[in-house]
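Hello,

Here is the structure I promised to pass on to you. Please have a look at it first, and then read on for what turned up in it.

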Amino acid sequence: MTPLLEIQGLRTVFRSANGDIAAVDGVDLTVPRGRTLGIVGESGCGKSMLSLSVMRLVPPPGRVAAGRVLLEGRDLLTLSTAEMRAVRGGQVAMIFQEPMTSLNPVHPIGLQITEAMRAHDPRASAAELRDRAIAALERVRIPAPARRYDEFPHQLSGGMRQRVMIAMALACKPKLLIADEPTTALDVTVQAQILDLLRDLQQETGMSIILITHDLGVVAEMADEVAVMYAGRVAERASARDLFGSPQHPYTLGLLGSVPRLDEDRERLLAIEGAVPPPFALPQGCRFHPRCPFAIEACTKAQPPLEAIEPGHLAACIRAPVESAVELTP
Amino acid sequence: MLRHAVQRLLLAVPVMFGVLLVGFLLMQVVPTDPAVVRAGPNASAEIIEAIRRDLGLDKPLWLQFFLYLGRLAQGDLGVSIINNVPVAQELGTTIGPTLELMVASLVWSIPLGLFLGTIGAYWRGSLIDRAVMAISVAGVSVPVFFLGLVLIWVVGFQWQWLPFTGREGPLWTWQGLRAVILPAITLGGVFVGPVARMTRTAVLDVLGADHVRTARAKGLPERIVVLRHALRNAMVPVVTLIGLQIGFLLGGAVVTETVFSWPGVGRLAVGAILSSDFPMAQGTIIVLSLGFILVNLTVDLLYGVLDPRVRAA
């Protein structure tokens, strides 16, 4: 069976005075059906631009310059505007980081859900849409959905708003849900509830999820597959078990090292020195080498390709597997 | 919502009092003596003194003001000192034509301004956008009277397409409608530019908002994204501006009515001031200020309609 979504060689650039700047630079990813792909990385690594590229919602002056985004074999990048509109919300839906600002403050939430339904089903009657919207609110476990239907976003808590966003996104039963930092702006307890909800809904509907986050804990809990992004490229890709069990890219190692753990008695957390280079000032060679403790001369020369270390486990590092690198480094 | 409305209404009371006070004092600082005007050029000093007593002008200023307020409370706006016609009656016959002119001006200029501002924002930086900006700058820069005179000269006089002097009947008659076109273009013309500019800025702002991205991610057609999610949200600042501008429109009405001999409150005000007809001038100030206050009150109440967060507050 073909995967639900295949991203091939995706390159998203922003025009600037000094030529095009790539926010996403040659990314290949696969989202299997009914599973969750986690995309992890620090801010500015291109993960949000990647998801907006899939939706073809990259804000100008940005644009997708190259690559293919195949949804069930159909390249979304070649669709007409009208065809793409049918895909958005219909087959691929998206929820965003800020439930506060992602809902329109001047319209009742009921309208905001039904308008999404109407866009993909223009013949449905108003009464039918209302019933379906209330059912959608119920499905995301919002209490008293019929009453909430007429309320405005400011009358809801942050967690409730994110539930409304999810109800809206799932209103037309999409095959793929892109969740861009869905819990970052929420309290920890609410975070857990939202993640549980997403997992339950995935089981009910069989949809695939792309979960974008900088939070490794969230990925560990939710994702089947993980892609680690760094400076617009995929640094490592593996099943969640392999990635957390035997990380191969030094950047992944660094990320894992910076997660506090209860089962280890560590004095200090390891932090990766420095910051993600901005897209207009990328270093030569491997983009991570200036921050990499394992970097050698060859790392400054050429960009390492994303290669299989083991079957299904890919890393873009010439020092991989890292076990050998660790032995070599005194 | 109701509390909000009552609050606003109560706030309008002191504003109205201030307007009456300033209107009254303005008439006092004018160097012309109403008694002299009333008496005519050849009156003797005794007659002028008698008239002054008769008009109550010999009483202390504060007493005059309270007597004036007392008469106002009874609906008595006084009598013209030029032709003895009650001010209230004169205002009653001129307010209709002024309202007609305002409506005829706003009914095309607000939608046009909203439209131009929205397409300018949507196609920001394009030729359309630059054309919109050019139109609005031109609209802001051209004085009302100049636009009126040009229209009279070209459309009315040279081409003889439309009448340009006076009102020729109610708006719903063919004659009346034809007669209002040129004044309405003149008065509305100064309105299009500011509305377009403000709309463009506000819509541009909203178009970058997260919820507009959400609307697009839902697969909504651009028409709905722009109208329901951008323009609708941009209406709060735009309505504020429209409210303020209608105040200026009242001033513009004075000029437009004079240029087109439109029998409205504005022209009445100009006539009264030029002939030192104090009660009449005060009456027109009251009516125009009341109009301003009512517009502001409407804007305040519209906030509640436009933004549900205001309703709750």
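One definition before the findings: a crossing is called left-handed if the near helix is turned anticlockwise from the far one by less than a right angle, and right-handed if clockwise. This is a predicted model, in which local features need pLDDT of at least 70 and side-chain atom pairs count only at pLDDT 80 or more, while totals for chains, interfaces and linings use all residues. Residues are numbered from 1 along each chain as its sequence is written, and chains are lettered from A and ligands numbered from 1 in the order in which they are written.

Let me begin with chain B. It has 13 helices and 0 strands (DSSP runs numbered from the N terminus, helices being H or I of at least four residues and strands E of at least two). Its C-alpha atoms fill a box of roughly 85 × 55 × 35 Å, taken along the principal axes. An unreviewed UniProt entry places the feature "domain: ABC transmembrane type-1" at residues 95-303 of chain B; such positions are given in the numbering used here, feature names are shortened, and annotations may be inferred rather than shown by experiment. Over residues 95-303, chain B is 83% helix and 0% strand, and the end C-alpha atoms lie 27 Å apart.

Now for the place where the two chains touch. Chain B gives 20 residues to the contact and chain A gives 24 residues (two residues are in contact if their C-beta atoms, placed from the backbone, lie within 7 Å). On the chain B side, α9 (210-217), α10 (222-259) and α13 (308-312) each supply at least two residues. The largest share of that side, 6 residues, comes from α9(B). By class, the side of chain B that touches chain A has 8 nonpolar, 5 polar and 7 charged residues (Ala, Val, Leu, Ile, Met, Phe, Trp, Tyr, Cys and Pro count as nonpolar, Asp, Glu, Lys and Arg as charged, and the others, Gly among them, as polar).

How do α9(B) and α10(B) sit against each other? Their axes come within 10 Å and cross at roughly 150° (axes are lines fitted to C-alpha atoms, for helices over the stretch in contact, and angles run from 0 to 180 degrees between N-to-C directions). The two helices α9(B) and α10(B) are therefore roughly antiparallel (angles under 35 degrees count as roughly parallel, over 145 as roughly antiparallel, 65 to 115 as roughly perpendicular and the rest as oblique). The crossing of α9(B) past α10(B) is right-handed. B:H211, B:V212, B:A215 and B:R216 of α9(B) meet B:V225, B:H229 and B:A230 of α10(B).

Finally, chain A has an open sheet of 4 strands in the order β2-β1-β4-β5, with antiparallel pairing (two strands pair if DSSP finds at least two bridges between them). At its edges stand β2 (19-31) and β5 (74-75) of chain A, each with a single partner strand, so one side of each has no neighbour in the sheet. Helix α1 (residues 47-55) of chain A packs on the sheet, touching β1 (5-16), β2 and β4 of chain A, and its direction makes about 75° with that of β2(A).

Best wishes
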